[in-house]
Every structure is written in C-alpha cells, then in structure tokens.
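Here's a quick briefing on charged side-chain pairs. Have a look at the model first, then read on.

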Amino acid sequence: MQKITIPDTIKNTLLDINWLSQTGAGSSDRDVVTLSTVSVASRHLESPEWEDVTLQAANEITARLSVNNHRDFHHWNTYAQEAREFVETHILPELPDVHGFDSKLIIQCVSWDTVHFIMERIYRRGLRPPFFYENLIQVYQSGHLPCGWEGRWPDGKLKVY
C-alpha cells in the first residue's frame, strides 16, 4: 500500500511565509477590510462570528467532498493527521508573538487555517472556487492576520490586521 503524504508544493507554500510580519501595517488589498487597531482586530479574531465563518467554510469542504469525491474522501483522516503534525512541527514554532493578541488564540487560528488550507489544496478538484482557506493563506503570505468577516458569509469581505 502506498503511503499517503502531503505534497511538498503545499508544504513549501507554508514554509515560505514570513508569518505575521506586517500585522498592524495596513493592507493595500482592496478586496479586504483593514482593521486599524490591535484591540479591534483582537476582538474580531476571538468573536463567535469569525469562528462560525471559518467553521462554515471547513464544513463546506467536507460536505462537498463526501458527495462529489467520495472515493478519495476516505483518506481525509490520514491527510488531516499529517497536516496537524506538519503544522505543529514546522509552522507553529515560527509564529512570532503579536503584541496585544492572546498567543494561544493566534496559535489556534493559524493551526486551524493552515490545516484546512492543506486539506482544501489536497481535495481542490472536488471543490468549487472561491477557495476560502487559500484566500486566508494569501493574507498570511502578505504578513497579515485574517481575523474577521464583514457581511454574511460567503458574501462579504475578509477583515485583516
């Protein structure tokens, strides 16, 4: 039996990120809402509304896969376990402390986002765009922190700090 493993291209995408290096610097991306203060960003990051959006996006992945890609979906737990181990070993130790944020919350959010990005990438062909977690990784690649949603998901805009 062939060992199931996360492709290096996905891992390298995450390893190349300079995590949270531009938080508070503002974003020039017009497709996002830039939060101006750490207190506002922190409040949004820990809000139940933001947690609900990220949970809905994750649920959409599994729901679509169970219907559209059932044959490959049975590898989900294997990939998810490897993704969690990769994130814990290689990504979380690279996270800086961000003044004004609960470091445990940052770790939980980055972990959730990156594991779901990995899963979204692995199962991409069974999903339909836009890819929510890929958009979050693009925010992380810019050095910012995705921390909220304006509007009713999936309509609206991402809030970043």
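Which residue forms a salt bridge with R124? That would be E134, with the closest N and O atoms 2.6 Å apart. Keep in mind that this is a predicted model, where local features need pLDDT of at least 70, side-chain atom pairs count only at pLDDT 80 or more, and totals for chains, interfaces and linings use all residues. Residues are numbered from 1 along each chain as its sequence is written, and side-chain values use heavy atoms, with hydrogens and water left out.

**The search**
- Four salt bridges turn up across the whole structure (a side-chain nitrogen of Lys or Arg within 4 Å of a carboxyl oxygen of Asp or Glu).

- E134 sits in helix α7 and R124 in the loop between α6 and α7, so their bridge ties together parts ten residues apart in sequence.
- R121 also pairs with E134, at 3.2 Å from N to O.
- That contact links helix α6 (residues 103–122) to helix α7 (residues 132–141), parts 13 residues apart in sequence (helices are DSSP runs of H or I, at least four residues, and strands are runs of E, at least two, numbered from the N terminus).
- Through shared partners, R121, R124 and E134 join into one network.
- E134 is buried at 15% relative accessibility (buried is under 20% relative accessible area, exposed over 50%, partly exposed in between, with a 1.4 Å probe and protein chains only).
- R121 is partly exposed at 26%, and R124 is partly exposed at 31%.

**The pair within α3**
- E60 and R64 form a salt bridge, with the closest N and O atoms 4.0 Å apart.
- They are four residues apart in helix α3 (residues 48–68), which means about one helical turn separates them.
- E60 is partly exposed at 28%, and R64 is partly exposed at 23%.
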